[in-house]
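Please look through the sequence and the model below before reading on.

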Amino acid sequence: MNQTTGLTQKELFDFLLNVALVRPVFIWGAPGIGKSSIVQQFAERLGLACVSLLGSQLAPEDIIGVPQIVDGTSRFCPPAMIARKEPYCLFLDELNACSHEVQKSFYSLIHERRIGEYMLPEGSVVIGAGNRSQDSAIVKPMSSALLNRLVHVHLTVSHRDWLDWALDNNIHSHVIEYIQNRPDHLWSQPPKHEEPFSTPRSWHMLSDALYEYGENIPDKALSVVSYGCLSPHHATQFKAFVKQIKSRYTLNDIIKGDLKWPAAPEDRDILYFLVQSFRARLVKELPVNRESLSGSSRELAHTGKALLKELSQVNLEMAQMAVAKEEGNELPSWFMVDVVRDLPRLIERKEATR
């Protein structure tokens, strides 16, 4: 399924309130970004029970039921969890992971809200969801007949929406503060090989583990749960972030001049995290064009160059990393021109090592 315009979590919730009440909707999205939880919140908002069926674990009889003889004729009796008397929200999760035989059993349910002689109660809602083929998930081609019975929408990750949710749902403060600093680490593309990767769901799992260990979590345990939930790079950064909190180093204090870059060899991981966060701050807050500089961004640019100079004296490699080219995460070209002019040592050494 080709993605056109995606919706954030809040936008999808509003979309469901307007569309799902009149037509069945299918939500496309990567694993762990909140498809199921949004549907559950939607059902709660309407005061409906949410009945979830997992497409990858269904057989046709789980939908249409099994035949029984009633008054000399056979009739199919849908399972009790579907054949309800009160209106409800039927959530068909991983719908595109089920076999074509199971997909066919959904045709009349989705299009006519009917299974054999059973009709969904008036006011019931049908919503499907599934992963995409590029997510390395279990998916099967969805038949054109089933595709055409659904309104399709794509869910995208929004760190702002997730942070709003996290603040209301008691997510661990270390997780919230980290995503506030590195919103680009909330989600990562699923890897082609078998290893954990970062999603809103995996950050939630990490939060639960941190709460269970408490404030004095041993370093080894922090390492195990971080690498067990997150992408390896994000896990490394998160560990350094927690260590930075315990050591009282903060990027804001360094930018304000209240602290210097950590220079001790045992603090190299903290320095790495701070430098990555420093670069992310420059990319986020410096405008693309010099003409758009405001008072605050002009001050950040000036301070940034001074901090790069100080960083090069502490660790030249880290300073080079802070200004290195990263596709899709580039520092403004005018800022790089200033760096080349004022701090040629960073660029010259980098060019010499190529």
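## A buried glutamine

Gln-103 counts as buried because its relative accessibility is 0%, and the cut-off for buried is under 20% relative accessible area. The structure discussed here is a predicted model, and in this model Gln-103 belongs to helix α4, which covers residues 100–105. When neighbours within four places in sequence are left aside, the residues in contact with Gln-103 are Leu-95, Cys-98, Pro-141, Met-142, Ser-143 and Leu-146.

As a general background, nonpolar side chains in soluble globular proteins tend to be buried together. In this model the largest nonpolar core has 56 residues, and those with the most contacts inside it are Trp-162, Trp-203, Leu-206, Phe-238, Trp-261 and Leu-308. Helix α13, made of residues 268–285, gives the most to this core, contributing seven residues.

## Helices α8 and α9

Two packed helices are described by the angle between their axes and the distance between the axes. For helix α8 (residues 173–181) and helix α9 (residues 200–213), the axes come within 8 Å and cross at roughly 140°. On the α8 side the contact is made by His-174, Val-175, Tyr-178 and Ile-179, while α9 supplies Trp-203, Leu-206, Ser-207 and Leu-210. Sorted by class, the residues in this contact of α8 with α9 are six nonpolar and two polar, with no charged residues.

Which residues of α8 are buried? They are His-174, Val-175, Ile-176, Tyr-178 and Ile-179. The cover over these buried residues of α8 includes α7 (159–168), α9, α11 (232–247) and α13.

## Helices α13 and α15

The axes of α13 and helix α15, the latter formed by residues 316–323, come within 9 Å and cross at roughly 25°. That angle makes α13 roughly parallel to α15, since angles under 35 degrees count as roughly parallel. The crossing in which α13 passes α15 is right-handed.

From α13, the residues Arg-268, Leu-271, Tyr-272, Val-275, Gln-276 and Arg-279 meet Glu-317, Met-318, Met-321, Ala-322 and Val-323 of α15. The residues of this contact of α13 with α15 divide into seven nonpolar, one polar and three charged.

## Residues in loops

Arg-248 lies in the loop between α11 and α12 (251–256), and its phi is positive, at about 75°, although Arg-248 is not a glycine. Is Arg-248 buried or exposed? Arg-248 counts as exposed because its relative accessible area is 70%, and the cut-off for exposed is over 50%. Arg-113, placed in the loop between α5 (107–112) and β7, likewise has a positive phi, near 55°, in a residue other than glycine.

Gly-116 is found in the loop between β7 (114–115) and β8 (118–119), and with a relative accessible area of 40% it is partly exposed. The C-alpha atoms of Gly-116 and Gly-32 are separated by 34 Å, and these two residues are 84 residues apart along the chain.

Definitions and conventions: Residues numbered from 1 in each chain as written. Predicted model: local features only at pLDDT ≥ 70, side-chain atom pairs only at ≥ 80, totals over all residues. Heavy atoms only, no water. Axes fitted to C-alpha atoms, helices over the stretch in contact; angles between N-to-C directions. Helix = DSSP H or I, 4+ residues; strand = E, 2+ residues; numbered from the N terminus. Contact = heavy atoms within 4.5 Å. Nonpolar A, V, L, I, M, F, W, Y, C, P; charged D, E, K, R; others polar. Core = buried A, V, L, I, M, F, W, Y, C linked by side-chain atoms within 4.5 Å. Buried < 20%, exposed > 50% of the residue type's maximum accessible area, 1.4 Å probe, protein only. Parallel < 35°, antiparallel > 145°, perpendicular 65-115°, else oblique. Left-handed = near helix turned anticlockwise from the far one by under 90°.
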